Amino acid sequence: MLKNALFTLLLAICPVLANTEEPITEINVVSEVWTNATEKSGRGLYWDMLRLVYQQEGIKLNFETMPYARSVSKVMANGADAWVGASPDEVADAVYPKLPLDEDQYYALYPKGKVANWQGEQSLAEKRVGWSKGYQLDSYLKVKVEASEFLKLKVGINRLQSGELDFVLDARYDLEQEMQRENIDPTEFEMQKVIVLPTFIAFANNERGRRLAAIYDKQMRELIKSGAIRKLFDQYQWPTFPFEE
């Protein structure tokens, strides 16, 4: 009788033990430096969004900045929990939440007068088109281009000025900020919108990454509904807001 009682007790306890998960107390996120989004100092819209999301669950945000391609590699090697700025399905072996962080409106930057009649993506066909290393924008373009990558945006703009590239693709805000930072005369160029893509935080493909992605979706829904995310976007005077309230 005693053995049967003990066996019954173990059966009752085991599922509870099996479902007990070690609490997550911090999240390690890596990102390229983007002005007003992921500053090296820790300031920025995306950092503030992630702090707000995870502090609801008592999770501390740790961050590190590095070039985009390196941030992806670090997460895929399980050296960090997530990276910022992923495009949809950019990396197959990564965990994507349902909700994005933002959206990127990619513009083509080119020398003034180079394109007489802009035809959207078709104007890029068979041309020398550059973007930051790791962006893989050719996966989202509908036309074939002669793709080229660079580590820093200023390098891409310099190559555009020297005639090595026909177009440089990046977010309009980043293009404008880089030209201002490098004292490049913006009147020498033209910009046209090419594609719009949601911007994600992408997680390592492991149990911890899946839990962190689920927490992100849960808290983002609540924070969007409460108006807290809108408040952050307004605080930074952000040009986009890709969420339904």
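This is a predicted model: local features need pLDDT of at least 70, side-chain atom pairs count only at pLDDT 80 or more; totals for chains, interfaces and linings use all residues.

Stop 1: Select aspartate 104, which sits in strand S4 (residues 102-111). Aspartate 104 is buried but has no salt bridge, and the nearest side chain of opposite charge, lysine 193, is 12 Å away. So what does the side chain of aspartate 104 make polar contacts with? Show the side chains of tyrosine 106, at 3.5 Å, and threonine 199, at 3.0 Å. Beyond neighbours within four places in sequence, the contacts of aspartate 104 include Ala171, Ile195 and Leu197.

**Stop 2: the largest pocket.** Its volume is about 490 Å³. To centre your view, pick Glu32, Val33, Lys152, Glu178 and Arg181, the closest to the pocket's centre among 21 lining residues. Then colour helix H5, which gives the largest share of the lining, four residues.

**Stop 3: salt bridges.** The whole structure has 10 of them. Start with glutamate 57 and lysine 218, at 3.4 Å from N to O. Glutamate 57 is in the loop between helix H2 (45-55) and strand S2 (60-65) and lysine 218 is in helix H6 (residues 207-226), so this pair ties together parts 161 residues apart in sequence.

Next, select lysine 114 and aspartate 166, whose salt bridge is 3.3 Å from N to O. They link distant parts of the chain, 52 residues apart. Lysine 114 is partly exposed at 43% relative accessibility, while aspartate 166 is buried at 8%.

Last, go to glutamate 207 and arginine 210, a salt bridge with its closest N and O atoms 3.8 Å apart. These two are three residues apart in helix H6, so about one helical turn separates them.

Key: Residues are numbered from 1 along each chain as its sequence is written. Side-chain values use heavy atoms; hydrogens and water are left out. Buried means under 20% relative accessible area, exposed over 50%, partly exposed in between (1.4 Å probe, protein chains only). Lys and Arg count as positive and Asp and Glu as negative; His and the chain ends are not counted. A salt bridge is a side-chain nitrogen of Lys or Arg within 4 Å of a carboxyl oxygen of Asp or Glu. A polar contact is a pair of N or O atoms within 3.5 Å; within protein, one must be able to donate a hydrogen and the other to accept it, and residues adjacent in sequence count only if both atoms are side-chain atoms. Contact means heavy atoms within 4.5 Å. On a 1 Å grid over the protein atoms alone, a cavity is a set of points where a 1.4 Å probe fits but cannot get out, and a pocket is an open set with protein on both sides within 12 Å along at least five of seven lines; lining residues have an atom within 4 Å of a point. Grid points are joined across faces, edges and corners, and a volume is the space filled by probe spheres set on the points.
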